[in-house]
Amino acid sequence: MSGDFVKVAESREIGMSSMKGVEVDGEKICVINTEGNYYAIGNVCTHVGGPLDEGTLEGFEVECPWHGSKFDIRTGEPTKPPATTAVSKYEVKIDGNNILVRKQQ
Ligand code: FES
């Protein structure tokens, strides 16, 4: 079962085409604004743990800054190796100026 939505940031903190790393109950999450739409995926690369929020965002893909794995921000699935395992995908809700993410449990 999915958990509650929790506020992770305000919309002004994450500009157009940018990312921000947040933490919810110890889970590291990368919140992404691409063309005004918000997405949230796990922030720890499934290769050897690179911080995805410090990588590069291009369209619907984020590139890990360590060895160049890419992940689809809509699904969390890897689109370029060396990573072969998906990162978590979180539901996002906008409430006024607040960005909320649904906890995994
Ligand atoms: S840690 Fe992300 S590609 Fe290696």
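Methionine 19 counts as buried because 24 C-beta neighbours lie inside 10 Å. A residue is buried if 20 or more other C-beta atoms lie within 10 Å of its own, exposed if 12 or fewer, and partly exposed in between, with C-beta atoms placed from the backbone. This is a predicted model: local features need pLDDT of at least 70, side-chain atom pairs count only at pLDDT 80 or more, and totals for chains, interfaces and linings use all residues. Residues are numbered from 1 along each chain as its sequence is written.

**The chain overall**

- The chain has zero helices and eleven strands. Helices (H or I, at least four residues) and strands (E, at least two) are DSSP runs, numbered from the N terminus.
- The radius of gyration is 13 Å, close to the 13 Å that the globule rule gives for 105 residues, so the chain is as compact as a globular protein of that length. The radius is taken over C-alpha atoms, and the rule is 2.2 Å times the number of residues to the power 0.38.
- Along its principal axes, the C-alpha trace spans about 40 × 30 × 20 Å.
- Of the 105 residues in the chain, 29% are buried.
- Among contacts with a separation of 6 or more, 39% come from residues 24 or more positions apart. Two residues are in contact if their C-beta atoms, placed from the backbone, lie within 7 Å.

**Methionine 19 and strand β2**

- Methionine 19 lies in strand β2.
- Leaving aside neighbours within four places in sequence, methionine 19 is in contact with Cys30, Val31, Ile32, Asp53, Leu57 and Val62.
- The bridge partner of methionine 19 in β3 is isoleucine 32.
- Methionine 19 and lysine 7 are twelve residues apart along the chain, and their C-alpha atoms are separated by 16 Å.

**Two hairpins**

- β2 and β3 pair in the antiparallel sense over seven bridges. Two strands pair if DSSP finds at least two bridges between them.
- These two strands, β2 and β3, form a hairpin with two residues between them.
- Aspartate 25 counts as exposed, with 9 C-beta neighbours inside 10 Å.
- β3 and β4 run antiparallel and are joined by six bridges. In one of these pairs, cysteine 30 has isoleucine 41 of β4 as its bridge partner.
- β3 and β4 also form a hairpin with two residues between them.
- Glutamate 35 lies in the loop between β3 and β4. Its phi is near 50°, a positive value in a residue other than glycine. Glutamate 35 counts as exposed, with 8 C-beta neighbours inside 10 Å.

**The nonpolar core**

- The largest nonpolar core has 21 residues, and those with the most contacts inside it are Ile29, Cys30, Val31, Ile32, Ala40 and Ile41. Such a core is a set of buried Ala, Val, Leu, Ile, Met, Phe, Trp, Tyr and Cys residues joined through C-beta atoms within 7 Å.
- The elements that give two or more residues to this core are β2 (18–24), β3 (27–34), β4 (37–42) and β11 (98–102). β3 gives the most, with four residues.
- Isoleucine 41 is in contact with Cys30, Phe71, Ile73, Gly76, Val87, Ser88, Lys89 and Tyr90, leaving aside its neighbours within four places in sequence.

**An open sheet**

- Four strands form an open sheet in the order β5-β6-β7-β8, with antiparallel pairing.
- β5 and β8 (78–80) stand at the edges, each with a single partner strand, so one side of each is left without a neighbour in the sheet.
- Three bridges join β6 (residues 61–63) to β7 (residues 70–72). Glutamate 63 has lysine 70 in β7 as its bridge partner.

**Loops**

- Threonine 46 lies in the loop between β4 and β5 (56–58). Threonine 46 is buried, with 20 other C-beta atoms within 10 Å.
- Threonine 46 touches Ala83, Thr85 and Val87, not counting residues up to four places away in sequence.
- Threonine 46 and threonine 84 are 38 residues apart in sequence, yet 7.4 Å apart in space, C-alpha to C-alpha.
- Proline 82 sits in the loop between β8 and β9 (89–90). The peptide bond from proline 81 to proline 82 is cis, with omega near 15°.
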